[in-house]
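Subject: Structure handover

Hello,

Here is the structure I promised to pass on. Please open it alongside this note.

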Amino acid sequence: MTKPKIRVALTIAGSDSGGGAGIQADLRTFAFHCVHGTSAITCVTAQNTLGVTRVDALPAAAVIAQIQAVVEDIGIQAAKTGMLLNQEIITAVAQQVRKLEIQNLVVDPVMVSRTGAQLIDDAAVVSLRESLIPLATVVTPNKYEAQLLSGLEIHNIDDMRAAAGQIYQLGAKAVLVKGGGMAGNLRGVDVWFDGQHWETLTTMQVDTDNTHGTGCTLAAAIAAHLALGDNTLTAVRRAKEYVTTALQYALDIGNGQGPVGHF
Ligand code: PLP
């Protein structure tokens, strides 16, 4: 008897003890899409809705071993990267993606928080730009990350388009510049560029302060749809719809900024 085709996705990301972002958000998103979720943990954060109190990186060798264990036995149809933290881990992940010929790679270039704080050092930014982004099926920077990667300032939708064009030159097959960190009515607007077509993706704005995990959830949902066989733009459109729903179910937990919900 042949086994039923179970779709598998891999998240390569950090753990969020508060359960809002990172590995925890990714696995929930995969499960919601009926895709089996596997993980390679890069770092462990101690955090809650008020903030991060500690970050411990895993050795790059431990990240490599997790990716190899999953890919060589179970096999994956898509992967996403999130918080990779340092240059050593980023370089190791890029090597594994090449060596294991991982297809359908969503790179969420977690470098700057939605509030503008830089989360990884400058050497890690260079590695992300030079070694990992060129391997991406789609890269999903927020406004600040897009500024860092393109060297352009972003104030409006034309700037988002210009930044997407610059980032495309780094070698990713497609770029999605997210408007989540933008002011006013650009908050729900993302710009897509695949080297040939520009798309402006809009959605209804959801009025909530509980947006933690939005970027992780979007990238994981794109990976889930790629694993299910969608083309990249369709995967992005469907993932954006999923995030809009997740924002509507955002959780008012803790004393700070709560996460998006998956119900
Ligand atoms: N990954 C981890 C482990 C995090 O702690 C965070 C933010 O705190 C992120 C990713 C990025 O989160 P978001 O989806 O809100 O951009």
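Below is what was found, from the whole chain down to single residues.

First, the ground rules. Residues are numbered from 1 along each chain as its sequence is written. This is a predicted model, in which local features need pLDDT of at least 70, side-chain atom pairs count only at pLDDT 80 or more, and totals for chains, interfaces and linings use all residues.

**Whole chain**

The protein chain has eight helices and nine strands. These are DSSP runs, numbered from the N terminus: helices are H or I with at least four residues, strands are E with at least two. The radius of gyration, taken over C-alpha atoms, is 17 Å. The C-alpha trace spans about 50 × 40 × 40 Å along its principal axes.

Of the 263 residues, 50% count as buried. Buried means 20 or more other C-beta atoms within 10 Å of the residue's own; exposed means 12 or fewer; partly exposed lies in between; C-beta atoms are placed from the backbone. Among contacts between residues at least 6 apart in sequence, 69% join residues at least 24 apart. A contact means C-beta atoms, placed from the backbone, within 7 Å.

**Strand β1**

Eight of the nine residues of β1 are buried, so the strand is largely enclosed by the rest of the structure. β1 pairs with β2 in the parallel sense over eight bridges. Pairing requires at least two DSSP bridges between the strands. Leucine 10 has threonine 38 in β2 as its bridge partner. β1 also runs parallel to β4 (residues 78–81), joined by four bridges. There, alanine 9 stands opposite alanine 78.

β1, helix α1 (residues 22–32) and β2 form a right-handed β-α-β unit. Right-handed means that, with the strands pointing away from the viewer, the path from the first strand over the helix to the second runs clockwise.

**Around the ligand**

The shell around the ligand has 16 residues, and Gly14, Ala21, Gly22, Met83 and Gly215 come nearest. β1 (8–16), β2 (36–48) and α7 (214–227) each give two or more residues to this shell. A residue is near if its C-beta atom, placed from the backbone, lies within 6 Å.

**Helix α5**

Six of the eight residues of α5 (143–150) are buried. They are Lys143, Glu145, Ala146, Leu148, Leu149 and Ser150. The buried residues pack against α4 (122–132), α6 (157–168) and β7 (175–177). Glycine 151 follows α5, with a positive phi near 75°.

Cysteine 34 sits in the loop between α1 and β2. Its phi is positive, near 60°, in a residue other than glycine. Cysteine 34 is exposed, with 11 other C-beta atoms within 10 Å.

Leucine 85 lies in the loop between β4 and α3. Its phi is near 70°, again a positive value in a residue other than glycine. Leucine 85 is buried, with 23 other C-beta atoms within 10 Å.

Isoleucine 102 is in the loop between α3 (87–99) and β5 (105–107). Isoleucine 102 counts as buried, with 20 C-beta neighbours inside 10 Å. Leaving out residues up to four places away in sequence, isoleucine 102 touches Val71, Ile76, Ala79 and Val97.

Best wishes

Methods. Contact = placed C-beta atoms within 7 Å. Rg over C-alpha atoms; globule rule 2.2 N^0.38 Å.
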